[in-house]
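Student: I would like to learn how to read a sheet and an interface in a model. Could you take me through one?

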Number of protein chains: 2
Amino acid sequence: MITLYDLTFDKDLRPSPYCWRAKLALKHKGLAWRDEPIGFTEKQKIAFADSTTVPVLHDGSKVVKDSWAIALHLDQAYPDKPLFPNDPAWAYARFVNGWADASVNGTIFPMVVGDMVEVARPQDRSYVIESRSKRIGTTEFAAFQKSAREKGLATFRAALEPARRILKEQPFLSGATPAYPDYILFGTLLWPRTISPKLDLLEKEDVVYTWRERMFDLFDGMGRKAPHA
Amino acid sequence: MITLYDLTFDKDLRPSPYCWRAKLALKHKGLAWRDEPIGFTEKQKIAFADSTTVPVLHDGSKVVKDSWAIALHLDQAYPDKPLFPNDPAWAYARFVNGWADASVNGTIFPMVVGDMVEVARPQDRSYVIESRSKRIGTTEFAAFQKSAREKGLATFRAALEPARRILKEQPFLSGATPAYPDYILFGTLLWPRTISPKLDLLEKEDVVYTWRERMFDLFDGMGRKAPHA
């Protein structure tokens, strides 16, 4: 018998996104469960799980807290109808690709756009100035870049959080060895490294920094040896 | 023979993150290529590919533009050392999990925190007020939420862009059928739907909206039928 502890609000409303993950995962598996609503001030109900947050799943002798651990447990204990299907193999990379383009590259651009003008080839410079000033709404590149770095570094680092969470658990985004998801993000970081090498994007204590060092080592130090300004 | 057109800056600097993806993918495959630098004002060099941007890959009789298409081409034409390995199967979901938690949920919270207080159970209300006001730095929940909605809706929609890009290509984040990545994001959207049902988070023209409709239909309309305020 499975029991799920689900955060409840007034009138039996159940908004918790993390509890929803667990409920949807149970449904996907076709598993029935006993619903145990729990309010903010009833944490004693889940003390047995050594948890102060929900969802908590009680499955036979197994007690599982945290929605991610619950999903892993369900796929292991009930292998039918996998929550983590193998197909398509490129789906993960596709998501990382969209994430890098839409959520990361845009946080870097304002911090390096001034240097981009500086390192353009003489014959390309007016093209770069015209196209980039249109994007940033000014031709004062140096001032714009300086102010962007003051405000933007924290935003950039926050944008890396999804990668950081995976890299705390494994050496590469793709697991034990690098694959295309790693190349996507590494390519993104080689861009500021090439044109703005003095910009310290990552802190040494950051797992993304450590991962980047591993990426620098790949292919005979291809990224590390690449010319930079 | 493979030729790669790579954006060049002065002093042969090569910063383009998209070209880096292609170069790293070629290296991963152990493939040699002829390097063809191209400046911003030399787009005639890639006119044969019907492209105005790089990378462009010329591989025998095949002409491929766009870094993603290049990665797919390389994995298809040279199946050894896959860029998209199948293992671990949970990696994609793990990334989506971190992305939802770190980049999406935080954009929703300020827009619903006032309603969260309203729909708390009477016995939980002071707990919710105390813990949530600490997070937002004020006890003026209604005013805070109103202002957050004015500023925050665009930020929230922008944060969904990685999902949007995949959902333009396939019905679910996981492919033809839903799996855990879909439940993660759907759970996130059921949270505001439950406590702030009048808040129009998504526009009807958005593929995320259409996907959410499909998710509402799952499991006998479980999400659609869930009580909301």
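Student: In what order do the four strands of the open sheet in chain B lie?

Tutor: Strands here are DSSP runs of E with at least two residues, helices are runs of H or I with at least four, and both are numbered from the N terminus. Two strands pair if DSSP finds at least two bridges between them. In chain B the order is β2-β1-β3-β4, with mixed pairing. β2 (34-38) and β4 (62-65) of chain B each have a single partner strand, so one side of each is left without a neighbour in the sheet. Neighbouring strands are turned by 20° against each other on average, direction ignored. Axes are lines fitted to C-alpha atoms, for helices over the stretch in contact, and angles run from 0 to 180 degrees between N-to-C directions.

Student: What should I know of the source before going on?

Tutor: This is a predicted model, in which local features need pLDDT of at least 70 and side-chain atom pairs count only at pLDDT 80 or more, while totals for chains, interfaces and linings use all residues. Residues are numbered from 1 along each chain as its sequence is written, chains are lettered from A and ligands numbered from 1 in the order in which they are written, and side-chain values use heavy atoms, with hydrogens and water left out.

Student: Do strand β1 and strand β3 of chain B run parallel or antiparallel, and how many bridges join them?

Tutor: They run antiparallel: four bridges join β1 (residues 2-7) to β3 (residues 56-59) of chain B. As an example, B:T3 has B:H58 as its bridge partner in β3(B). Helix α1 (residues 17-29) of chain B packs on the sheet and touches β1 and β3 of chain B, its direction making about 150° with that of β1(B). Contact means heavy atoms within 4.5 Å. Helix α2 (residues 67-77) of chain B lies across β3 and β4 of chain B, at about 140° to β4(B).

Student: How do β3(A) and β4(A) pair?

Tutor: In the antiparallel sense, over four bridges. A:V56 stands opposite A:K65 in β4(A). The two strands form a hairpin with two residues between them, and A:G60 in the turn has a positive phi of about 60°.

Student: How much area do chain A and chain B bury between them?

Tutor: Buried area is the accessible area (1.4 Å probe) that two parts lose on being put together, summed over both. Here the two chains bury about 7,800 Å², 69% of it on carbon and sulfur atoms. A:R21, A:F95 and A:Y180 supply 11% of the area that chain A buries against chain B, more than any other three residues. The contact takes 87 residues from chain A and 86 residues from chain B.

Student: How many salt bridges and polar contacts cross it?

Tutor: A salt bridge is a side-chain nitrogen of Lys or Arg within 4 Å of a carboxyl oxygen of Asp or Glu. The rule finds eight across this interface. One of them joins B:R21 to A:D101, with the closest N and O atoms 2.7 Å apart. A polar contact is a pair of N or O atoms within 3.5 Å; within protein, one must be able to donate a hydrogen and the other to accept it, and residues adjacent in sequence count only if both atoms are side-chain atoms. Between the chains, 24 residue pairs are in polar contact (both at pLDDT 80 or more).

Student: Which helix gives the most to the side of chain A that touches chain B?

Tutor: α3(A), with 16 residues.
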